[in-house]
Amino acid sequence: MATDDLLKKVDKSKMPRHVAIIMDGNGRCANALGLLRSAGHTAGVKTLKKILTTAVNLKMEALTVYAFSTENWKRPFAEVDFLMHLFSEYLEKEKLEMHANNVRLRFLGRTEDFSPLIQSQIQSATELMKNNTGVKFNIAADYGGQDEIVRAAQKLARKVASGEISADDITPNVFEDELDTVGQPPVDLLIRTGGDFRISNFLLWQTAYAELYFTKTNFPEFTPEEFIGALLDFGKRDRRFGGIVG
Ligand code: IPE
Ligand code: IPE
Ligand code: MG
């Protein structure tokens with residue numbers, strides 16, 4: 001079915017508010033075609049553009065994608081370097097179109113270990129889109145769920161030490177306000193491409209009650225049709241949040 005017809009099938013009342021994607025399998029996809037891993041990353045960017053367009057068309061509230069983990073620095077220098085260039089190029093090429101689509105871009109993660117150029121691109125793209133009211137599009141880069149939670153704990157510990165709050169004031173809501181996703185809804189649907197069944201340190205707090213969708217499709221081959229299929233599948237899930245059926 002064509003994407004436009006599929007889009008019409010989506011019942012807006014059953015749509016996840018926040019979808020998160022672990023964009024995995026770029027390297028394996030390229031290798032299977034006899035290409036270098038870098039070709040897989042380039043192809044992954046093309047897929048990401050299509051997925052973001054779909055989210056915009058669906059008026060999704062929030063979309064978060066995992067682009068680079070705190071553990072991905074372990075990869076060979078040439079691959080990390082390639083990913084950094086790709087990231088920089090993506091920001092430069094896409095920011096005006098994102099802005100035109102009313103996308104509100106945010107970065108999750110540490111970012112201070114990125115090059116000064118990338119840090120300034122992140123800042124200018126975020127600044128450009130800060131008043132937009134469309135899809136909240138989060139790119140998790142140099143992001144780790146554990147790192148995010150530790151940074152939040154450090155911020156709270158400093159507030160307790162300075163007397164601004166007391167330890168007993170710390171509730172889940174107060175904690176959430178220190179996370180990189182502050183102000184955004186929890187993740188309803190977590191999609192992982194690439195065939196592995198793990199979280200790999202992504203959004204550990206925010207996925208507490210997320211529905212999980214794992215697919216063998218490698219990210220470069222993940223289509224808007226399969227993305228919409230995952231959303232339709234989500235619409236059939238019975239979410240209980242610890243309660244009882246019905
Ligand atoms: C995901 O694809 C992209 C990043 C982690 C940057 P991979 O690069 O992990 O590709 P595979 O999983 O090795 O195939
Ligand atoms: C998760 O993929 C990180 C991103 C998609 C950015 P990895 O390829 O790094 O995860 P593992 O190593 O297979 O768990
Ligand atoms: Mg991988």
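1. A polar contact is a pair of N or O atoms within 3.5 Å; within protein, one must be able to donate a hydrogen and the other to accept it, and residues adjacent in sequence count only if both atoms are side-chain atoms. With that in hand, look at ligand 2. One of its oxygen atoms is 3.4 Å from an N or O atom in the side chain of Arg192.

2. Some ground rules come next. This is a predicted model, where local features need pLDDT of at least 70 and side-chain atom pairs count only at pLDDT 80 or more, while totals for chains, interfaces and linings use all residues. Residues are numbered from 1 along each chain as its sequence is written, chains are lettered from A and ligands numbered from 1 in the order in which they are written, and side-chain values use heavy atoms, with hydrogens and water left out.

3. Back to ligand 2. Asp24 has a side-chain N or O atom 3.1 Å from an oxygen atom of ligand 2. For Arg75, a polar side-chain atom lies 3.2 Å from a ligand 2 oxygen. Alone, ligand 2 exposes 390 Å², and the protein buries 78% of that (areas come from the Shrake-Rupley method with a 1.4 Å probe).

4. Which residues surround ligand 2? They are Ile22, Met23, Asp24, Tyr66, Ala67, Phe68, Asn72, Arg75, Arg192, Arg198 and Ser200 (each has a heavy atom within 4 Å). By class, this shell has five nonpolar, two polar and four charged residues. Here Ala, Val, Leu, Ile, Met, Phe, Trp, Tyr, Cys and Pro count as nonpolar, Asp, Glu, Lys and Arg as charged, and the others, Gly among them, as polar. Strand 2 (residues 62–69) gives the most, three residues. Strands are DSSP runs of E, at least two residues; helices are runs of H or I, at least four.

5. Now ligand 1. It has 13 residues around it, and Met23, Asp24, Gly27, Arg28 and Arg75 are the closest. A polar side-chain atom of Arg37 lies 3.0 Å from a ligand 1 oxygen. Backbone atoms take part too: an N or O atom of Gly25 at 3.3 Å, and a polar atom of Asn26 at 3.2 Å.

6. Which helices each supply at least two residues of the shell around ligand 1? Helix 2 (26–32), helix 3 (37–57) and helix 4 (77–100) do. Helix 2 has the largest share, three residues. By class, the shell holds three nonpolar, five polar and five charged residues.

7. Last, the salt bridges. The count is 21 (a side-chain nitrogen of Lys or Arg within 4 Å of a carboxyl oxygen of Asp or Glu). One joins Lys49 and Glu94, N to O, at 3.3 Å. Lys49 is in helix 3 and Glu94 in helix 4, 45 residues apart.
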